[in-house]
Amino acid sequence: MAEYRRQIVSGGIVAILLAISIGLAVIYVPTLNLNGTSTSTSSSPPTTTSANSSSSTGVTIYLNKSTTSGSSITRESRTSTHSPTETVTVTRNGTVTTVYRNGTETIYQNNTETTTVTNTQIETVTVTFISSSNTSSGAMCPRFEGPGSPSYCVPITLSNSQLSPVPPGTQLMLRIDWQSFESYLASNVGNVIFTDSSGVPVYAWCESSCSSSQPVSNVWVKDDAAISAAGQQEIFMYIFPTSQIQYSSSGFWGAFPILTGTYGQYDNGPKVFDFYNNFNGSALCNCLTAVPFLGGQFSGGQANYSVGNGLTITATGAPSGAGFGYHIYLNKAESYSAIDSNLVATDLPTSVSLEAAYRYNAMDLVPPATSYLDNGFKSSYSSLDLLCGCGSSLSIHLDNGPGENGSTVASGSFQSWIGVQSIVWPSAGSQFANSMEIQQVRGSDSTLSFAPTYADIAFINGLPSQHYMTFHWMRTRNTPPNNVMPTDSLGSIYAYS
């Protein structure tokens, strides 16, 4: 986990020694404990001395950084000045330590503690950080290292339950309860940015329920650090004023393409995923190829596709039941472990007769071609791993030789044509089919060697009537060990200024 510097370290002890230059007397003030527990001093309580000079000076007291690296503590201090005429008391304001100087509130937070006082006599103050070894995780947030000035921060703890580490660069899905922070959020939750443990922004993308009133929302974060086996990592969510929307198609925070009336206005999917395309515009990007399936040896059906801020594939099967449709695939074979697509509309019934209609996500070891058998893949394939929603089942098919369907290595109950479906193939002997972000079925066929694959989505219709499917995006990503996402736990909200 990346380390970070905190200006104020929770659990740290700040000793303020007041050496009055005239009388050389020492005034002790209470130790500041920023972890919320009470502390005591071994000497007399704070006192007030009287002013005896007419000069006035504005003073800033800087609290310097303390860095924890393993068991090593870096101690720093800086000298400044303040008035000996103050009464210093320490109180707690929720989770923020507050110091009152002569009735003026000063909050110790972030990189500096700043206060302006009127002096009649100047003396030297040394502020020293002692220790951060007992810091409670998430008691405060690190300095925000991105542009702008957030108002609040929320620690998020990620817990990896697997006995293998989550590699850096893995896309992680968080389940965010926006409703818990509704009063701090813009209605479209556009005023947040996620960061790593050092406060450095990371790319994130809101997939669903991107509204401040929603109790469950899928958010993807591209993590920049590993999570150790059976270990934890802390990241942060910074909240800006509601008027400061952070959404951007090229920035750190984005959302699915139809969040706004302008298609893809805030869609930064390419920043988060290994490959991402939302089918914007009126034509496929040159990174994708469309290949028709025209019923094999059968005739009487038809198929076409169109791009218009989304991909729509329309097909009519042959009277014999032979399927017609299209595959849309990534031109280049790449190393990734999952392909997802989001189907937003179709006129197919929820359940159709077996092998009558198919929605595919596929990881093709060789690219699709036009010489197909009935299910939409050519007979000369040497190997293929794919997910299909076909009939009433959600299945993983594995084709390791000539044939129509290959072998079905796993299947489960079909949820819906609509929504996010995923095929995950991290290694030989390990296949997963996910529907609606929920793991449904798992296979363990080891007859195929894992290799770079062509990401492929398709609709094949074997019904004699015309039907369509519309997709808003396809993407590829890497998956955590055993396709098990780390769990996320959001902490309390902290003021940040």
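**Cysteines, bonded and buried**

Cysteine 390 is buried, because its relative accessibility is 3% and the cut-off for buried is under 20%. Cysteine 388 is buried too, at 0%. The model is a predicted one.

Now the bonds. A disulfide is a covalent bond between the sulfur atoms of two cysteines. This structure holds 3 disulfides. Counted along the chain, the bonded cysteines follow the pattern 1-2, 3-4, 5-6.

Start with cysteine 141 and cysteine 153. Their S to S distance is 2.3 Å. The torsion about the S-S bond is about 100°, so this disulfide is right-handed. The pair links distant parts of the chain, 12 residues apart. Cysteine 141 lies in the loop between strand S10 (123-129) and strand S11 (152-159), and cysteine 153 lies in strand S11.

Next come cysteine 206 and cysteine 210. Their sulfur atoms are 2.1 Å apart. The torsion is -115°, and the link is left-handed. Cysteine 206 and cysteine 210 are both buried.

Strand S14 spans residues 204-206. S14 runs parallel to S17, joined by 3 bridges. Alanine 204 stands opposite tryptophan 253 in S17. The open sheet has 4 strands, in the order S12-S15-S14-S17, with mixed pairing. S12 (171-176) and S17 (253-255) each have a single partner strand, so one side of each is left without a neighbour in the sheet.

Last, cysteine 285 and cysteine 287. Their sulfur atoms are 2.0 Å apart. This link is left-handed, with -60° about the S-S bond. Cysteine 285 is partly exposed at 23%. Cysteine 287 is also partly exposed, at 23%.

Methods:
Residues are numbered from 1 along each chain as its sequence is written. This is a predicted model: local features need pLDDT of at least 70, side-chain atom pairs count only at pLDDT 80 or more; totals for chains, interfaces and linings use all residues. Side-chain values use heavy atoms; hydrogens and water are left out. Two strands pair if DSSP finds at least two bridges between them. Helices (H or I, at least four residues) and strands (E, at least two) are DSSP runs, numbered from the N terminus. A disulfide is a pair of cysteine sulfur atoms within 2.5 Å. Buried means under 20% relative accessible area, exposed over 50%, partly exposed in between (1.4 Å probe, protein chains only).
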